[in-house]
Every structure is written in C-alpha cells, then in structure tokens.
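Here is a short report on one protein chain. The structure comes first, then the notes.

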Amino acid sequence: MMNSQKARIKVSNLEKKLNVLIIVLFLIQIVICFLLSMATLIYDSVKDDNQSSYIGGSYNTTKDLNFFSYFLLLSTLIPISLIVTLEVIKVVQCYFISQDSLMFDEEAGRGTKVSSTTINEELGQVTYVFSDKTGTLTQNIMEFKALAVGEEIYGDIGDTIMRKPTKVEQRIEVETNYNNTQLSKLLSKKPNKDDTPHEIISSNGKSKIVLKTEKHKVQEVLKLLGICHDCERETAKVGDELISFYQGESPDEITLVDFAKLQGFEFLEANEARSKMLC
C-alpha cells in the first residue's frame, strides 16, 4: 500500500546540485593527487636523490605516501564550511519566515509555523501552484445550501443566512448556515395522506419500500445522510460545556451528517453489524 511506505527524505534542488558538485570536486581532487604523485615519482627517479631524508625515511618508504600527502594538501577543494554556512543561513531564514507580518493570520491569531529547515530555498523557486480540492489554498469551510428530494427543493442556493459559528463549528472548521422554513414545517406537521406515494425497488426486485408521503421521503433521505458515511462521533469539553461533533476524512461528509443532526436525525455510533441513530 502507498500509505505504508517509508517517508521520503525531502531534499531541495540546491542541496542536490551541491551534492553533485562535491562529488565532482572529490573526483577532481583524486585525479590531481594521482597526477602530482606520478610527477613526483618521475622527478625523484630522474634526480636520484632522497628529498624526504629530513623526516627520517628512505626513498622507497616515502614515495608511497606522496598521493596521501597531496590529498591532505588539496583537501580545501571540498567546501566543508559551505555546508555548515548554509545550515546556519536556513535557521536564520526560518526565524524571519515565522516573524513575517504578511503571513500572520489575524482570525486564528498565529503566524507561519516552520516545521523544517530543509527546503527553505524551494519557496523562491515556485512558479506554478496546483490545488486539487477545497481547503488546500482556501478556507476549509463547507456550507449546506439546499436539499433536493424528488421534485422539491428545500432551500435557496443563492441565499445564505450568515450567523456566528458555534463552538462545535469552530473546532471542526465546518459551518452549517442552513435554515429553511418549508423543511421545518414539513418535518413538524403530520404527514399529508394526499401526497403521491413513491416506491423504491431493489436491483434484484426482491425488496421494496413504499414512501407514502412527502414527509416520509424527506425523513428517509435524512436517515441516509446520517447513516451512510465514514464519520465518527467524538466528544470534547469546551469550557464547562461538553460538546459532541463528528470527525471524518472529508468536510463534505461532516457537513451532511451535521445537517441531518440539525434536522433531528443524530448519528450516535456504528459498527460492522449496525448503525445507531437518534431520531
């Protein structure tokens, strides 16, 4: 499964180029040391004298150390200090990013949180930004506009009643601004026997459900909205008040379950065998 794979280490383009350059410099250093050691070997064989007598060794013992001697002398070709300098610069950049007033959210009362110093320089190389769903770049707030049951539409798509979000909505970042008088009256009054019944037949034709009135149709839809989902009911204490809310992978599902709860069909719990709802 894709989710079970190990987390990939994030490496910026600058670090990739720096790693390649360090490897190239290391290979160049080896080639230079090899050429210099060969030149030294030829020079010593032609001159036929031991220039390393001051270290107490003979010609045969010192000629094998020429390569490593030049390797130490040319070790400054690899910029070790550059890596340390880049890390220090990234730490300073993280401080400026977290203190940037242009990226401060006044509603949430918090600024930018820097979780990693690995890919700071990638921010300056962004050319295109692709968003796959609501919430990536916009507010993750889903609003229930209207309910369509059969030929009836309960609610106005172009009408939104603004109100202050409740404590539950502030916690789960889902608002329910739906308020329809027609739907409220339908659910509160007695069923109208003059309504046209509606039959629901299974694909194999063995099961059939008859919804006799419009109220029964709406109630069945609300039951399905409150049961057919993957949300879980959780409780939390906000101040002195114990509130219940729903958590799910999709804000769309949470909005539908909250809407069913608002209409009196509250989802309580579910397992593999059954689902429990308070109507």
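## Transmembrane regions

UniProt, in an unreviewed entry, places the feature "transmembrane region" at residues 20–43 and 67–89. UniProt positions are in the numbering used here, feature names are shortened, and annotations may be inferred rather than shown by experiment. This is a predicted model: local features need pLDDT of at least 70, side-chain atom pairs count only at pLDDT 80 or more, and totals for chains, interfaces and linings use all residues. Residues are numbered from 1 along each chain as its sequence is written, and side-chain values use heavy atoms, with hydrogens and water left out.

Residues 20–43 are 100% helix and 0% strand. The end C-alpha atoms of that span lie 35 Å apart. Residues 67–89 are 74% helix and 0% strand, with end C-alpha atoms 36 Å apart. Helices (H or I, at least four residues) and strands (E, at least two) are DSSP runs, numbered from the N terminus.

## Serine 37

Serine 37 sits in helix α1, residues 13–47. What does serine 37 touch, leaving out residues up to four places away in sequence? The partners are Asn66, Phe67 and Tyr70. Contact means heavy atoms within 4.5 Å.

Serine 37 has a relative accessible area of 11%, so it is buried. Buried means under 20% relative accessible area, exposed over 50%, partly exposed in between (1.4 Å probe, protein chains only).

## Cysteines

Is cysteine 33 buried or exposed? Cysteine 33 is buried, because its relative accessible area is 0%. Cysteine 228 has 56%, so it counts as exposed. The whole structure holds zero disulfides; a disulfide is a pair of cysteine sulfur atoms within 2.5 Å.

## Packing of α6 and α7

Helix α6 (residues 181–188) and helix α7 (residues 214–227) have axes that come within 9 Å and cross at roughly 105°. Therefore α6 is roughly perpendicular to α7. Axes are lines fitted to C-alpha atoms, for helices over the stretch in contact, and angles run from 0 to 180 degrees between N-to-C directions. Angles under 35 degrees count as roughly parallel, over 145 as roughly antiparallel, 65 to 115 as roughly perpendicular and the rest as oblique.

From α6, Leu183, Leu186 and Leu187 meet Glu214, Lys215, Val218, Gln219 and Leu222 of α7. The contact residues are five nonpolar, one polar and two charged. Ala, Val, Leu, Ile, Met, Phe, Trp, Tyr, Cys and Pro count as nonpolar, Asp, Glu, Lys and Arg as charged, and the others, Gly among them, as polar.

## Aspartate 156

Aspartate 156 lies in the loop between β2 (152–154) and α5 (167–172). Its relative accessibility is 48%, so aspartate 156 is partly exposed. Aspartate 156 and asparagine 180 are 24 residues apart in sequence and 8.3 Å apart in space, C-alpha to C-alpha.
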